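Hi,

Here is the structure I said I'd pass on to you. Have a look at it first, and then read on for what turned up.

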Amino acid sequence: MDMFQIVLDELSARPVFWFLSIIMLVSGFMVVTLKNIFHSAIYLILCLFSVAGIFILLEAEFLAAAQVLIYVGAVAILMIFAIMLSTNVSGKKTMTTQNGLPVAIISAVFALGTIALVIMTKLNIVMRGSDGFISKGLWIGEKGQLPTENIMLIGKYLMTEYMLPFEVISVLLLASMIGAIALARNERS
Amino acid sequence: MIAVGITVALKEILASFGLSGGLLSVVTYAILASATFGLLSVLALFLVWWERKIAGHMQQRFGPMRNGWHGWYQTLVDGLKLLQKEDVRVATRDKVVFFWAPVMCFIAAFAAYIVIPFGDGLIVADLNIGILYIMAITTFTVISLLMAGWGSNNKYALLGGMRSAAQVVSYEVPMVASILVVVLYAGSLSTVDIVNSQAGNFLNWNIFRVPYGPLAFLTYLVAAIAEANRTPFDLAEAEQELVAGFNIEYSGMKFAMFFLAEFINLFTVSAIAVILFFGGWHGFEFIPSFVWFFLKTFAVVFLLIMIRWTYPRMRVDQLMEFAWKFLVPLTFLNIIIAAIFKHFGWYWEL
(Lines give C-alpha, C1' and ligand atoms only; values in the text may rest on other atoms or scores of the structure.)
Protein backbone atom coordinates (compact mmCIF):
# COMPACT_ATOMS: atom_id res chain seq x y z
CA MET A 1 0.00 0.00 0.00
CA ASP A 2 2.90 2.32 -0.77
CA MET A 3 0.93 4.82 -2.79
CA PHE A 4 -1.43 5.68 0.03
CA GLN A 5 1.50 6.38 2.35
CA ILE A 6 1.44 9.92 0.93
CA VAL A 7 -1.53 10.85 3.05
CA LEU A 8 -1.89 8.06 5.54
CA ASP A 9 0.79 9.39 7.85
CA GLU A 10 -1.84 11.69 9.22
CA LEU A 11 -3.55 10.04 12.14
CA SER A 12 -7.11 10.69 10.97
CA ALA A 13 -6.63 9.55 7.39
CA ARG A 14 -6.21 5.81 7.95
CA PRO A 15 -9.62 5.01 9.50
CA VAL A 16 -11.26 7.25 6.91
CA PHE A 17 -9.55 5.31 4.14
CA TRP A 18 -10.71 1.97 5.50
CA PHE A 19 -14.21 3.30 6.09
CA LEU A 20 -14.48 4.55 2.50
CA SER A 21 -12.97 1.38 1.05
CA ILE A 22 -15.39 -0.85 2.92
CA ILE A 23 -18.38 1.24 1.81
CA MET A 24 -17.08 1.18 -1.76
CA LEU A 25 -16.55 -2.57 -1.86
CA VAL A 26 -19.81 -3.44 -0.12
CA SER A 27 -21.88 -1.11 -2.30
CA GLY A 28 -20.07 -2.35 -5.42
CA PHE A 29 -20.93 -5.91 -4.40
CA MET A 30 -24.56 -4.88 -3.88
CA VAL A 31 -24.71 -3.31 -7.36
CA VAL A 32 -23.96 -6.62 -9.05
CA THR A 33 -25.90 -8.92 -6.75
CA LEU A 34 -29.17 -7.11 -6.02
CA LYS A 35 -32.25 -8.09 -8.04
CA ASN A 36 -33.99 -4.72 -7.80
CA ILE A 37 -32.39 -2.58 -10.50
CA PHE A 38 -33.33 0.71 -8.84
CA HIS A 39 -31.57 -0.35 -5.63
CA SER A 40 -28.55 -1.31 -7.73
CA ALA A 41 -28.47 2.20 -9.19
CA ILE A 42 -28.62 3.76 -5.71
CA TYR A 43 -25.77 1.54 -4.51
CA LEU A 44 -23.81 2.49 -7.63
CA ILE A 45 -24.15 6.14 -6.58
CA LEU A 46 -22.89 5.28 -3.09
CA CYS A 47 -19.96 3.40 -4.63
CA LEU A 48 -19.03 6.31 -6.93
CA PHE A 49 -19.35 8.75 -4.05
CA SER A 50 -16.95 6.80 -1.85
CA VAL A 51 -14.48 6.70 -4.76
CA ALA A 52 -14.72 10.50 -4.75
CA GLY A 53 -13.97 10.39 -1.02
CA ILE A 54 -10.80 8.42 -1.67
CA PHE A 55 -9.80 10.98 -4.31
CA ILE A 56 -10.18 13.69 -1.63
CA LEU A 57 -7.99 11.62 0.67
CA LEU A 58 -5.35 11.53 -2.07
CA GLU A 59 -5.56 15.34 -2.31
CA ALA A 60 -7.06 15.18 -5.80
CA GLU A 61 -10.00 17.45 -5.04
CA PHE A 62 -10.72 18.35 -8.64
CA LEU A 63 -10.94 14.70 -9.63
CA ALA A 64 -13.33 14.09 -6.72
CA ALA A 65 -15.61 16.95 -7.74
CA ALA A 66 -15.52 15.84 -11.37
CA GLN A 67 -16.31 12.29 -10.29
CA VAL A 68 -19.40 13.40 -8.37
CA LEU A 69 -20.48 15.97 -10.95
CA ILE A 70 -20.20 13.67 -13.97
CA TYR A 71 -20.81 10.15 -12.66
CA VAL A 72 -23.29 10.87 -9.88
CA GLY A 73 -24.78 14.10 -11.23
CA ALA A 74 -25.20 13.09 -14.85
CA VAL A 75 -24.58 9.40 -15.59
CA ALA A 76 -26.32 7.92 -12.54
CA ILE A 77 -29.27 10.29 -12.81
CA LEU A 78 -29.76 9.39 -16.48
CA MET A 79 -29.57 5.70 -15.56
CA ILE A 80 -32.29 6.11 -12.92
CA PHE A 81 -34.27 8.12 -15.43
CA ALA A 82 -34.04 5.29 -17.96
CA ILE A 83 -35.09 2.75 -15.28
CA MET A 84 -38.13 4.83 -14.39
CA LEU A 85 -39.15 5.19 -18.04
CA SER A 86 -38.79 1.49 -18.80
CA THR A 87 -40.83 0.46 -15.74
CA ASN A 88 -43.56 2.82 -16.71
CA VAL A 89 -43.77 1.35 -20.21
CA SER A 90 -43.75 -2.34 -19.33
CA GLY A 91 -45.94 -1.99 -16.26
CA LYS A 92 -44.08 -4.64 -14.28
CA LYS A 93 -41.05 -4.50 -12.02
CA THR A 94 -37.72 -4.38 -13.78
CA MET A 95 -35.27 -6.95 -12.48
CA THR A 96 -31.65 -7.57 -13.31
CA THR A 97 -30.69 -10.83 -14.93
CA GLN A 98 -27.41 -12.53 -14.14
CA ASN A 99 -27.01 -14.88 -17.08
CA GLY A 100 -24.05 -13.04 -18.61
CA LEU A 101 -21.53 -14.67 -16.30
CA PRO A 102 -18.88 -15.71 -18.89
CA VAL A 103 -18.85 -12.23 -20.44
CA ALA A 104 -18.68 -10.67 -16.97
CA ILE A 105 -15.67 -12.79 -16.02
CA ILE A 106 -13.85 -11.92 -19.25
CA SER A 107 -14.47 -8.17 -18.85
CA ALA A 108 -13.50 -8.27 -15.16
CA VAL A 109 -10.22 -10.01 -16.01
CA PHE A 110 -9.50 -7.44 -18.72
CA ALA A 111 -10.27 -4.50 -16.42
CA LEU A 112 -8.13 -5.89 -13.61
CA GLY A 113 -5.34 -6.64 -16.07
CA THR A 114 -5.37 -3.10 -17.39
CA ILE A 115 -5.20 -1.62 -13.90
CA ALA A 116 -2.39 -3.98 -12.92
CA LEU A 117 -0.49 -3.12 -16.10
CA VAL A 118 -0.82 0.59 -15.43
CA ILE A 119 0.43 0.21 -11.87
CA MET A 120 3.31 -2.05 -12.89
CA THR A 121 4.57 0.24 -15.65
CA LYS A 122 4.33 3.13 -13.17
CA LEU A 123 2.34 5.60 -15.20
CA ASN A 124 4.08 8.89 -15.78
CA ILE A 125 2.21 11.82 -14.34
CA VAL A 126 3.03 15.45 -13.91
CA MET A 127 4.37 16.31 -10.50
CA ARG A 128 5.90 19.28 -8.84
CA GLY A 129 8.59 18.84 -6.26
CA SER A 130 8.89 20.83 -3.07
CA ASP A 131 11.23 23.21 -4.91
CA GLY A 132 8.43 24.14 -7.33
CA PHE A 133 10.03 22.25 -10.20
CA ILE A 134 7.50 20.54 -12.46
CA SER A 135 8.53 17.14 -13.67
CA LYS A 136 7.10 13.95 -15.07
CA GLY A 137 7.80 11.11 -12.73
CA LEU A 138 6.50 8.16 -10.80
CA TRP A 139 3.07 8.45 -9.33
CA ILE A 140 4.25 7.07 -6.05
CA GLY A 141 5.85 9.95 -4.24
CA GLU A 142 6.44 11.46 -0.88
CA LYS A 143 4.15 13.89 0.84
CA GLY A 144 4.54 17.39 -0.49
CA GLN A 145 5.59 16.16 -3.89
CA LEU A 146 2.09 16.31 -5.28
CA PRO A 147 1.07 19.62 -6.85
CA THR A 148 -1.12 21.66 -4.52
CA GLU A 149 -2.78 23.69 -7.28
CA ASN A 150 -3.84 20.63 -9.22
CA ILE A 151 -6.74 22.39 -10.97
CA MET A 152 -4.44 24.94 -12.59
CA LEU A 153 -2.05 22.22 -13.69
CA ILE A 154 -4.84 20.08 -15.10
CA GLY A 155 -6.16 23.06 -17.03
CA LYS A 156 -2.74 23.98 -18.31
CA TYR A 157 -1.82 20.48 -19.46
CA LEU A 158 -5.22 19.87 -21.04
CA MET A 159 -4.71 22.97 -23.15
CA THR A 160 -1.05 22.35 -24.06
CA GLU A 161 0.51 18.92 -23.84
CA TYR A 162 -2.65 16.80 -23.82
CA MET A 163 -4.57 18.99 -26.25
CA LEU A 164 -4.91 16.30 -28.92
CA PRO A 165 -6.27 13.48 -26.70
CA PHE A 166 -8.61 15.99 -25.10
CA GLU A 167 -9.99 17.06 -28.48
CA VAL A 168 -10.22 13.46 -29.70
CA ILE A 169 -12.35 12.57 -26.66
CA SER A 170 -14.55 15.61 -27.30
CA VAL A 171 -15.08 14.59 -30.94
CA LEU A 172 -15.85 11.03 -29.84
CA LEU A 173 -18.46 12.28 -27.36
CA LEU A 174 -19.96 14.56 -29.98
CA ALA A 175 -20.17 11.68 -32.47
CA SER A 176 -21.88 9.42 -29.93
CA MET A 177 -24.32 12.19 -29.07
CA ILE A 178 -25.23 12.74 -32.72
CA GLY A 179 -25.52 8.96 -33.12
CA ALA A 180 -27.92 8.74 -30.17
CA ILE A 181 -30.07 11.52 -31.58
CA ALA A 182 -30.11 9.88 -35.02
CA LEU A 183 -31.17 6.55 -33.50
CA ALA A 184 -33.94 8.17 -31.49
CA ARG A 185 -35.23 10.00 -34.55
CA ASN A 186 -35.31 6.87 -36.70
CA GLU A 187 -37.36 5.03 -34.11
CA ARG A 188 -40.02 7.68 -34.06
CA SER A 189 -40.62 7.95 -37.84
CA MET B 1 -8.03 22.22 2.12
CA ILE B 2 -6.88 25.43 3.75
CA ALA B 3 -8.13 26.13 7.23
CA VAL B 4 -8.90 29.81 7.66
CA GLY B 5 -10.28 32.33 10.14
CA ILE B 6 -12.77 30.77 12.47
CA THR B 7 -11.49 27.22 11.93
CA VAL B 8 -7.95 28.21 12.95
CA ALA B 9 -9.22 30.18 15.95
CA LEU B 10 -11.38 27.28 17.12
CA LYS B 11 -8.51 24.83 16.67
CA GLU B 12 -6.27 27.01 18.84
CA ILE B 13 -8.90 27.20 21.58
CA LEU B 14 -9.41 23.43 21.51
CA ALA B 15 -5.66 22.82 21.43
CA SER B 16 -5.36 24.80 24.65
CA PHE B 17 -7.65 22.19 26.23
CA GLY B 18 -5.09 19.53 25.39
CA LEU B 19 -6.59 18.07 22.20
CA SER B 20 -4.26 17.21 19.37
CA GLY B 21 -3.86 15.32 16.11
CA GLY B 22 -6.82 13.69 14.40
CA LEU B 23 -9.14 14.13 17.38
CA LEU B 24 -8.59 17.90 17.27
CA SER B 25 -9.69 18.05 13.61
CA VAL B 26 -12.70 15.84 14.25
CA VAL B 27 -13.88 17.88 17.26
CA THR B 28 -13.26 21.20 15.47
CA TYR B 29 -15.27 20.26 12.41
CA ALA B 30 -18.01 18.66 14.53
CA ILE B 31 -18.45 21.93 16.43
CA LEU B 32 -18.43 23.96 13.21
CA ALA B 33 -20.92 21.62 11.56
CA SER B 34 -23.27 21.86 14.55
CA ALA B 35 -23.02 25.65 14.57
CA THR B 36 -23.76 25.84 10.82
CA PHE B 37 -26.65 23.41 11.25
CA GLY B 38 -28.17 25.51 14.03
CA LEU B 39 -27.77 28.74 12.11
CA LEU B 40 -29.32 27.30 8.95
CA SER B 41 -32.26 25.75 10.79
CA VAL B 42 -33.17 29.11 12.31
CA LEU B 43 -32.61 30.72 8.92
CA ALA B 44 -34.92 28.25 7.18
CA LEU B 45 -37.66 28.90 9.77
CA PHE B 46 -37.28 32.62 9.15
CA LEU B 47 -37.33 32.22 5.34
CA VAL B 48 -40.57 30.20 5.43
CA TRP B 49 -42.22 32.96 7.48
CA TRP B 50 -40.73 35.70 5.27
CA GLU B 51 -41.95 34.08 2.07
CA ARG B 52 -45.46 33.72 3.48
CA LYS B 53 -45.47 37.37 4.55
CA ILE B 54 -44.22 38.62 1.17
CA ALA B 55 -46.67 36.36 -0.69
CA GLY B 56 -49.46 37.68 1.51
CA HIS B 57 -48.62 41.32 0.95
CA MET B 58 -48.21 40.80 -2.80
CA GLN B 59 -51.72 39.35 -2.87
CA GLN B 60 -53.34 42.13 -0.80
CA ARG B 61 -53.56 40.11 2.41
CA PHE B 62 -51.50 39.94 5.60
CA GLY B 63 -50.11 36.40 5.66
CA PRO B 64 -49.63 34.80 9.10
CA MET B 65 -50.74 37.21 11.85
CA ARG B 66 -51.80 35.09 14.83
CA ASN B 67 -48.69 33.88 16.61
CA GLY B 68 -46.66 36.77 17.95
CA TRP B 69 -46.00 40.10 16.28
CA HIS B 70 -47.06 39.66 12.63
CA GLY B 71 -46.98 35.92 13.24
CA TRP B 72 -43.22 35.77 13.77
CA TYR B 73 -43.22 32.34 15.39
CA GLN B 74 -45.80 30.82 13.04
CA THR B 75 -43.20 28.51 11.44
CA LEU B 76 -42.07 27.30 14.86
CA VAL B 77 -45.65 26.31 15.68
CA ASP B 78 -46.01 24.66 12.26
CA GLY B 79 -42.81 22.73 12.90
CA LEU B 80 -44.09 21.49 16.27
CA LYS B 81 -47.30 20.41 14.58
CA LEU B 82 -45.40 18.49 11.89
CA LEU B 83 -43.28 16.86 14.60
CA GLN B 84 -46.36 15.50 16.36
CA LYS B 85 -48.17 14.31 13.25
CA GLU B 86 -48.51 10.65 12.41
CA ASP B 87 -45.87 9.43 10.00
CA VAL B 88 -48.14 7.98 7.31
CA ARG B 89 -46.32 5.29 5.32
CA VAL B 90 -47.85 3.76 2.23
CA ALA B 91 -47.95 -0.04 2.40
CA THR B 92 -46.67 -0.44 -1.16
CA ARG B 93 -43.68 1.85 -0.71
CA ASP B 94 -40.08 0.86 -1.32
CA LYS B 95 -39.12 0.89 2.36
CA VAL B 96 -35.41 1.76 2.28
CA VAL B 97 -35.63 4.25 -0.59
CA PHE B 98 -38.70 5.93 0.93
CA PHE B 99 -36.89 6.41 4.25
CA TRP B 100 -33.58 7.70 2.90
CA ALA B 101 -34.94 10.17 0.31
CA PRO B 102 -35.76 13.02 2.75
CA VAL B 103 -32.59 12.35 4.75
CA MET B 104 -30.48 12.65 1.62
CA CYS B 105 -32.29 15.81 0.52
CA PHE B 106 -31.61 17.34 3.94
CA ILE B 107 -27.92 16.37 4.00
CA ALA B 108 -27.35 17.63 0.45
CA ALA B 109 -28.88 20.98 1.33
CA PHE B 110 -26.58 21.43 4.33
CA ALA B 111 -23.40 20.02 2.78
CA ALA B 112 -23.02 22.99 0.43
CA TYR B 113 -22.32 25.27 3.42
CA ILE B 114 -18.83 23.89 3.97
CA VAL B 115 -17.49 26.34 1.41
CA ILE B 116 -19.86 29.29 1.79
CA PRO B 117 -18.13 32.23 3.51
CA PHE B 118 -20.57 34.03 5.81
CA GLY B 119 -18.02 36.75 6.40
CA ASP B 120 -14.30 37.52 6.47
CA GLY B 121 -12.86 34.22 7.72
CA LEU B 122 -16.29 32.85 8.66
CA ILE B 123 -16.02 29.72 6.56
CA VAL B 124 -15.76 26.07 7.57
CA ALA B 125 -13.14 25.11 4.98
CA ASP B 126 -11.73 26.97 2.01
CA LEU B 127 -11.58 24.13 -0.52
CA ASN B 128 -9.66 24.94 -3.67
CA ILE B 129 -12.51 23.47 -5.71
CA GLY B 130 -15.05 25.64 -3.81
CA ILE B 131 -17.74 26.46 -6.33
CA LEU B 132 -17.31 23.17 -8.18
CA TYR B 133 -17.86 21.35 -4.88
CA ILE B 134 -21.20 23.11 -4.44
CA MET B 135 -22.23 22.15 -7.97
CA ALA B 136 -21.25 18.54 -7.29
CA ILE B 137 -22.89 18.15 -3.89
CA THR B 138 -26.18 19.75 -4.89
CA THR B 139 -26.77 17.00 -7.47
CA PHE B 140 -27.67 14.79 -4.50
CA THR B 141 -30.84 16.84 -4.15
CA VAL B 142 -31.97 15.53 -7.54
CA ILE B 143 -31.17 11.97 -6.59
CA SER B 144 -33.18 12.39 -3.39
CA LEU B 145 -36.15 13.66 -5.40
CA LEU B 146 -35.83 10.69 -7.76
CA MET B 147 -35.66 8.38 -4.74
CA ALA B 148 -38.76 10.02 -3.25
CA GLY B 149 -40.57 9.65 -6.56
CA TRP B 150 -39.66 5.99 -6.87
CA GLY B 151 -39.99 5.03 -3.22
CA SER B 152 -43.52 6.44 -2.87
CA ASN B 153 -44.83 4.04 -5.54
CA ASN B 154 -47.21 6.72 -6.75
CA LYS B 155 -47.53 7.87 -10.36
CA TYR B 156 -47.72 11.56 -9.44
CA ALA B 157 -44.62 11.25 -7.29
CA LEU B 158 -42.80 9.37 -10.05
CA LEU B 159 -43.73 12.02 -12.61
CA GLY B 160 -42.58 14.76 -10.25
CA GLY B 161 -39.27 13.05 -9.63
CA MET B 162 -38.64 12.47 -13.32
CA ARG B 163 -39.51 16.02 -14.21
CA SER B 164 -37.15 17.39 -11.60
CA ALA B 165 -34.32 15.16 -12.85
CA ALA B 166 -34.76 16.25 -16.45
CA GLN B 167 -35.01 19.86 -15.37
CA VAL B 168 -31.96 19.94 -13.14
CA VAL B 169 -29.76 18.04 -15.61
CA SER B 170 -30.75 20.54 -18.31
CA TYR B 171 -30.32 23.69 -16.25
CA GLU B 172 -27.04 22.62 -14.71
CA VAL B 173 -25.34 23.32 -18.05
CA PRO B 174 -26.23 27.05 -18.30
CA MET B 175 -25.64 27.40 -14.55
CA VAL B 176 -22.07 26.09 -14.74
CA ALA B 177 -21.49 28.13 -17.89
CA SER B 178 -22.59 31.34 -16.11
CA ILE B 179 -20.36 30.55 -13.14
CA LEU B 180 -17.40 29.90 -15.48
CA VAL B 181 -17.49 33.53 -16.66
CA VAL B 182 -16.82 34.66 -13.08
CA VAL B 183 -14.21 31.93 -12.52
CA LEU B 184 -12.42 33.14 -15.66
CA TYR B 185 -11.95 36.59 -14.12
CA ALA B 186 -11.27 35.49 -10.56
CA GLY B 187 -8.75 32.89 -11.72
CA SER B 188 -9.81 30.49 -8.98
CA LEU B 189 -12.61 28.13 -7.99
CA SER B 190 -12.22 28.86 -4.29
CA THR B 191 -15.11 30.90 -2.89
CA VAL B 192 -12.78 32.94 -0.70
CA ASP B 193 -10.55 33.81 -3.67
CA ILE B 194 -13.56 34.76 -5.78
CA VAL B 195 -14.83 37.09 -3.05
CA ASN B 196 -11.40 38.57 -2.43
CA SER B 197 -10.98 39.32 -6.15
CA GLN B 198 -13.91 41.71 -5.76
CA ALA B 199 -12.52 43.65 -2.78
CA GLY B 200 -12.49 47.44 -2.56
CA ASN B 201 -14.89 49.61 -4.52
CA PHE B 202 -18.30 48.19 -5.42
CA LEU B 203 -17.33 48.71 -9.08
CA ASN B 204 -15.04 45.73 -8.56
CA TRP B 205 -18.01 43.46 -8.02
CA ASN B 206 -18.13 40.94 -10.80
CA ILE B 207 -21.51 42.08 -12.02
CA PHE B 208 -19.90 45.42 -12.96
CA ARG B 209 -16.33 44.36 -13.63
CA VAL B 210 -16.87 41.37 -15.90
CA PRO B 211 -18.03 42.33 -19.39
CA TYR B 212 -21.64 41.24 -19.76
CA GLY B 213 -21.62 40.49 -16.02
CA PRO B 214 -25.32 41.38 -15.70
CA LEU B 215 -26.07 38.85 -18.44
CA ALA B 216 -24.11 36.15 -16.60
CA PHE B 217 -26.00 37.07 -13.42
CA LEU B 218 -29.37 36.83 -15.18
CA THR B 219 -28.62 33.46 -16.76
CA TYR B 220 -27.32 32.24 -13.39
CA LEU B 221 -30.46 33.47 -11.67
CA VAL B 222 -32.77 31.71 -14.15
CA ALA B 223 -30.82 28.46 -13.85
CA ALA B 224 -30.73 28.83 -10.05
CA ILE B 225 -34.51 29.19 -9.83
CA ALA B 226 -34.80 26.03 -11.92
CA GLU B 227 -32.30 24.21 -9.70
CA ALA B 228 -34.15 25.27 -6.57
CA ASN B 229 -37.43 23.97 -8.08
CA ARG B 230 -39.27 27.24 -7.63
CA THR B 231 -41.98 28.88 -9.73
CA PRO B 232 -41.86 29.48 -12.73
CA PHE B 233 -39.88 26.23 -12.83
CA ASP B 234 -41.60 24.24 -10.06
CA LEU B 235 -42.77 21.46 -12.39
CA ALA B 236 -41.54 18.81 -9.97
CA GLU B 237 -44.34 19.63 -7.57
CA ALA B 238 -46.81 21.41 -9.87
CA GLU B 239 -49.84 21.35 -7.57
CA GLN B 240 -52.47 21.70 -10.28
CA GLU B 241 -51.11 18.80 -12.35
CA LEU B 242 -49.32 16.48 -9.93
CA VAL B 243 -51.17 17.18 -6.65
CA ALA B 244 -47.87 17.69 -4.81
CA GLY B 245 -45.33 15.94 -7.03
CA PHE B 246 -42.48 14.01 -5.45
CA ASN B 247 -43.49 14.66 -1.82
CA ILE B 248 -47.12 13.57 -2.20
CA GLU B 249 -46.83 10.51 0.07
CA TYR B 250 -44.68 12.18 2.72
CA SER B 251 -46.12 13.46 5.97
CA GLY B 252 -44.99 14.67 9.35
CA MET B 253 -41.28 15.12 9.92
CA LYS B 254 -40.28 13.60 6.57
CA PHE B 255 -42.29 16.26 4.75
CA ALA B 256 -40.79 18.92 7.02
CA MET B 257 -37.30 17.80 5.98
CA PHE B 258 -38.13 18.26 2.29
CA PHE B 259 -39.73 21.58 3.07
CA LEU B 260 -36.80 22.95 5.10
CA ALA B 261 -34.28 21.67 2.54
CA GLU B 262 -36.14 23.61 -0.15
CA PHE B 263 -35.74 26.85 1.78
CA ILE B 264 -32.12 26.16 2.59
CA ASN B 265 -31.54 25.60 -1.13
CA LEU B 266 -33.17 28.96 -1.77
CA PHE B 267 -30.67 30.58 0.58
CA THR B 268 -27.79 28.61 -0.97
CA VAL B 269 -28.43 29.78 -4.54
CA SER B 270 -28.78 33.37 -3.29
CA ALA B 271 -25.56 33.12 -1.29
CA ILE B 272 -23.73 31.78 -4.36
CA ALA B 273 -25.10 34.68 -6.43
CA VAL B 274 -23.75 37.11 -3.81
CA ILE B 275 -20.36 35.37 -3.70
CA LEU B 276 -20.05 35.29 -7.48
CA PHE B 277 -21.50 38.63 -8.53
CA PHE B 278 -21.96 40.98 -5.56
CA GLY B 279 -18.64 40.88 -3.77
CA GLY B 280 -19.58 38.45 -0.99
CA TRP B 281 -18.88 39.93 2.43
CA HIS B 282 -17.22 43.13 1.10
CA GLY B 283 -18.78 46.50 1.81
CA PHE B 284 -18.08 49.61 3.86
CA GLU B 285 -15.57 48.72 6.55
CA PHE B 286 -17.47 50.10 9.55
CA ILE B 287 -20.18 47.44 9.25
CA PRO B 288 -19.07 43.85 10.07
CA SER B 289 -18.51 41.60 7.06
CA PHE B 290 -21.16 39.00 7.97
CA VAL B 291 -23.81 41.74 8.13
CA TRP B 292 -22.96 42.68 4.55
CA PHE B 293 -23.14 39.08 3.44
CA PHE B 294 -26.55 38.52 5.01
CA LEU B 295 -27.91 41.87 3.76
CA LYS B 296 -26.93 41.09 0.18
CA THR B 297 -28.10 37.50 0.35
CA PHE B 298 -31.47 38.49 1.78
CA ALA B 299 -31.82 41.04 -1.04
CA VAL B 300 -31.34 38.24 -3.60
CA VAL B 301 -33.72 35.97 -1.64
CA PHE B 302 -36.28 38.79 -1.68
CA LEU B 303 -35.88 39.06 -5.47
CA LEU B 304 -36.37 35.30 -5.87
CA ILE B 305 -39.48 35.31 -3.67
CA MET B 306 -40.95 38.18 -5.67
CA ILE B 307 -40.26 36.29 -8.91
CA ARG B 308 -41.99 33.24 -7.49
CA TRP B 309 -45.17 35.12 -6.64
CA THR B 310 -45.24 37.09 -9.90
CA TYR B 311 -44.85 34.59 -12.73
CA PRO B 312 -47.00 31.61 -13.71
CA ARG B 313 -45.52 28.15 -14.18
CA MET B 314 -43.95 27.16 -17.51
CA ARG B 315 -45.04 24.14 -19.52
CA VAL B 316 -42.74 21.12 -19.60
CA ASP B 317 -41.85 21.47 -23.29
CA GLN B 318 -41.28 25.23 -22.92
CA LEU B 319 -38.97 24.53 -20.03
CA MET B 320 -36.73 22.19 -22.03
CA GLU B 321 -36.72 24.38 -25.14
CA PHE B 322 -35.80 27.42 -23.09
CA ALA B 323 -32.85 25.62 -21.49
CA TRP B 324 -31.34 23.96 -24.56
CA LYS B 325 -32.26 26.31 -27.39
CA PHE B 326 -31.88 29.65 -25.63
CA LEU B 327 -29.93 29.56 -22.35
CA VAL B 328 -27.18 27.13 -23.36
CA PRO B 329 -26.15 28.95 -26.58
CA LEU B 330 -26.42 32.30 -24.79
CA THR B 331 -24.20 31.31 -21.89
CA PHE B 332 -21.64 29.65 -24.19
CA LEU B 333 -21.51 32.82 -26.27
CA ASN B 334 -21.04 34.78 -23.06
CA ILE B 335 -18.05 32.62 -22.09
CA ILE B 336 -16.43 33.18 -25.49
CA ILE B 337 -16.99 36.94 -25.26
CA ALA B 338 -15.67 37.01 -21.70
CA ALA B 339 -12.59 35.06 -22.78
CA ILE B 340 -11.92 37.51 -25.64
CA PHE B 341 -12.29 40.50 -23.29
CA LYS B 342 -10.01 38.85 -20.77
CA HIS B 343 -7.40 38.03 -23.42
CA PHE B 344 -7.19 41.62 -24.63
CA GLY B 345 -7.46 43.06 -21.12
CA TRP B 346 -10.62 45.07 -21.81
CA TYR B 347 -11.65 45.25 -18.17
CA TRP B 348 -10.45 47.10 -15.11
CA GLU B 349 -8.20 45.53 -12.53
CA LEU B 350 -8.38 46.25 -8.82
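Let me begin with an arginine: B:R308 counts as buried, because its relative accessibility is 18% and the cut-off for buried is under 20%. Before going further, please keep in mind that this is a predicted model.

**Salt bridges in chain B**

What does B:R308 pair with? Its partner in a salt bridge is B:E51, and the closest N and O atoms of the two are 3.6 Å apart. B:R308 belongs to helix α13 (residues 289–308) of chain B and B:E51 to helix α2 of chain B, so this pair ties together parts that are 257 residues apart in sequence. B:E51 is buried as well, with a relative accessible area of 3%. As background, side chains of opposite charge can pair when their charged atoms come close.

Another salt bridge joins the side chains of B:D78 and B:R52, at 3.0 Å from N to O. This pair also links distant parts of the chain: B:D78 sits in helix α3 of chain B and B:R52 in helix α2 of chain B, 26 residues apart.

B:D317 is partly exposed, with a relative accessible area of 40%, and B:R315 counts as partly exposed at 49% relative accessibility. Going back to B:R308, salt bridges that share partners join B:E51, B:E262 and B:R308 into one network. Over all chains, the structure holds 4 salt bridges.

**Where the two chains meet**

How many salt bridges are there between chain A and chain B? The count is 0. Likewise, the rule finds 0 residue pairs in polar contact across this interface, with both residues required to be at pLDDT 80 or more. On the chain A side, α3 (37–57), α4 (61–90) and α6 (150–159) each supply at least two of the residues that touch chain B. The largest share of that side comes from α4(A), with 15 residues.

The contact as a whole takes 27 residues from chain A and 25 residues from chain B. About 2400 Å² of area is buried between the two chains, and carbon and sulfur atoms give 83% of it. Three residues to look up here are A:L69, A:I77 and A:M84: they supply 24% of the area that chain A buries against chain B, more than any other three residues.

**The loop between α2 and α3 of chain B**

This loop is worth a click or two. B:W72 lies in the loop, between α2 (21–58) and α3 (74–84) of chain B. With 54% relative accessibility, B:W72 counts as exposed. B:W72 is also one of the residues in a nonpolar patch on the surface, together with B:W69, B:Y73, B:L76 and B:V77; the patch has about 570 Å² of accessible area.

Now for some backbone angles. Most residues other than glycine have a negative phi. B:Q60, though not a glycine, has a positive phi of about 60°. B:Q60 lies in the loop between α2 and α3 of chain B and is exposed, with a relative accessible area of 75%. B:H70 is found in the loop between α2 and α3 too, and its phi is near 50°, again a positive value in a residue other than glycine. B:H70 counts as partly exposed, at 28% relative accessibility.

Which residues of α5(B) are buried? They are B:G130, B:I131, B:L132, B:Y133, B:I134, B:M135, B:A136 and B:I137. That makes 8 of the 8 residues of helix α5 (residues 130–137) of chain B, so the helix is mostly covered.

In chain A, have a look at A:S27, which is found in helix α2 (residues 13–33). A:S27 is buried, with a relative accessible area of 1%. A polar atom of the A:S27 side chain lies 3.1 Å from the backbone oxygen of A:M24. What else does A:S27 touch, leaving aside its neighbours within four places in sequence? The contacts are with A:Y43, A:L46 and A:C47.

Cheers

Terms used. Residues numbered from 1 in each chain as written. Chains lettered and ligands numbered in written order. Predicted model: local features only at pLDDT ≥ 70, side-chain atom pairs only at ≥ 80, totals over all residues. Heavy atoms only, no water. Helix = DSSP H or I, 4+ residues; strand = E, 2+ residues; numbered from the N terminus. Buried < 20%, exposed > 50% of the residue type's maximum accessible area, 1.4 Å probe, protein only. Polar contact = N/O pair within 3.5 Å; in protein donor to acceptor, adjacent residues only side chain to side chain. Contact = heavy atoms within 4.5 Å. Patch = residues over 30% accessible without salt bridge, like charges linked within 9 Å, V, L, I, M, F, W, Y side chains within 5 Å. Areas by Shrake-Rupley, 256 points an atom, 1.4 Å probe, with all protein chains shown as cover. Buried area = accessible area lost by both parts, 1.4 Å probe.
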